[in-house]
Amino acid sequence: MKKLYSEVINYFKKIGLSTKPELEYTDAFSLIVAVILSAQCTDKRVNIVTPSLMQAYPNPESMSKATTEDILAHIHSVSYPNAKAEHLLKMSSKLVTDFNSQVPDTLEKLISLSGVGRKTANVVLAVWFHKPAMPVDTHVFRVANRIGLTKDSKSPLETEKTLLKNIPQDLCTDVHHWLLLHGRYTCLARKPLCDKCGLTDYCKFYDKKKAK
């Protein structure tokens, strides 16, 4: 397993895959807003709506004084806009009342915010606070299982724990981005582009595919 992780990490380093989020943000608040909006929505769509949203409400104080209808006017084109508008209003209000308008830097405090689950919290911890966190979305979950970095993992939390156990702390954020981008553009859910992948020598999914 140690060798597998080393080979996979070295492969991603070699091909020079980006280690930067595709979501656009300028500070911790705009990051957490963008990640909340990105649930079941493309980063491209989120990047379209966040500029006007953040111009209107650049900080927790201003957003907390808005109405859900005000916020909805800016984000109506994302998925589940009504629920997300409500989450953003409650999240910003709690930042003001409980955290002195500052985005907190611990998992426990972050997940106390409306619309912030474990994955969103880990994105903020990894990307903004540079902590050894491992956000597990559908791409990371799928790719880790297919390559064999996890063995039949049943949940994102199980995947997160396994990856954190085997990846050097200083590389956690980079590996998260690599696995996410690999799943988004190469290891697709329905039709993975195995002919364009350099990990087929290690991939358990590819072995099963060849055996059919």
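Buried, in this tour, means under 20% relative accessible area. The model on screen is predicted.

**Stop 1: the aromatic rings**

Select F12. At a relative accessible area of 1%, F12 falls under the 20% limit and is therefore buried. Show both side chains and look at the rings. Their centres lie 5.4 Å apart and their planes meet at 55°, so Y11 and F12 make a tilted pair.

Which residue forms a stacked pair with F12? Select W178. The ring centres of F12 and W178 are 5.9 Å apart, with 25° between the planes. Colour the helices next. F12 belongs to helix α1 (residues 2–15) and W178 to helix α11, so this pair ties together parts that are 166 residues apart in sequence. W178 is buried too, with a relative accessible area of 4%. Keep Y11, F12 and W178 on display together: ring pairs link them into a cluster. Across the whole structure, a search finds three aromatic pairs.

**Stop 2**

T186 sits in the loop between α11 (172–185) and α12 (204–211). Is T186 buried or exposed? Its relative accessible area is 17%, so T186 counts as buried. Show what surrounds T186. Setting aside residues up to four places away in sequence, T186 touches L181, P192, L193, K196 and C197.

**Stop 3: the cysteines**

Select the cysteine sulfurs. How many disulfides are there? The count is zero. Centre on C194. C194 is in no disulfide, and the nearest cysteine sulfur, that of C203, is 6.3 Å away. The cut-off for a disulfide is 2.5 Å between sulfur atoms. C194 counts as buried, at 13% relative accessibility. Then jump to C41. C41 is also buried, with a relative accessible area of 19%.

**Stop 4: helix α9**

Select residues 138–147, which make up helix α9. This helix is mostly covered, with seven of its 10 residues buried. Pick them out: H139, V140, R142, V143, A144, R146 and I147.

Go to the start of α9. There, a side-chain oxygen of D137 comes to within 3.1 Å of the backbone nitrogen of H139. Then run along to the other end. Just after α9, G148 takes a positive phi of about 105°.

What does the charged end of R146 sit over? It is the ring of F205, with the charged end of R146 4.2 Å from the ring centre. R146 is itself one of the buried residues of α9.

**Stop 5**

For the last stop, select S114. Where does S114 lie? S114 is in the loop between α7 (107–110) and α8 (118–127). With a relative accessible area of 18%, S114 is buried.

A polar contact of 2.7 Å joins S114 to H87. Now widen the selection around S114. Leaving out neighbours within four places in sequence, S114 is in contact with I36, H87, K90 and M91.

Definitions and conventions. Residues numbered from 1 in each chain as written. Predicted model: local features only at pLDDT ≥ 70, side-chain atom pairs only at ≥ 80, totals over all residues. Heavy atoms only, no water. Helix = DSSP H or I, 4+ residues; strand = E, 2+ residues; numbered from the N terminus. Buried < 20%, exposed > 50% of the residue type's maximum accessible area, 1.4 Å probe, protein only. Polar contact = N/O pair within 3.5 Å; in protein donor to acceptor, adjacent residues only side chain to side chain. Contact = heavy atoms within 4.5 Å. Phe/Tyr/Trp six-rings, centres within 6.5 Å; stacked < 30°, edge-to-face > 60°. Lys NZ or Arg CZ within 6 Å of the ring centre and 35° of its normal.
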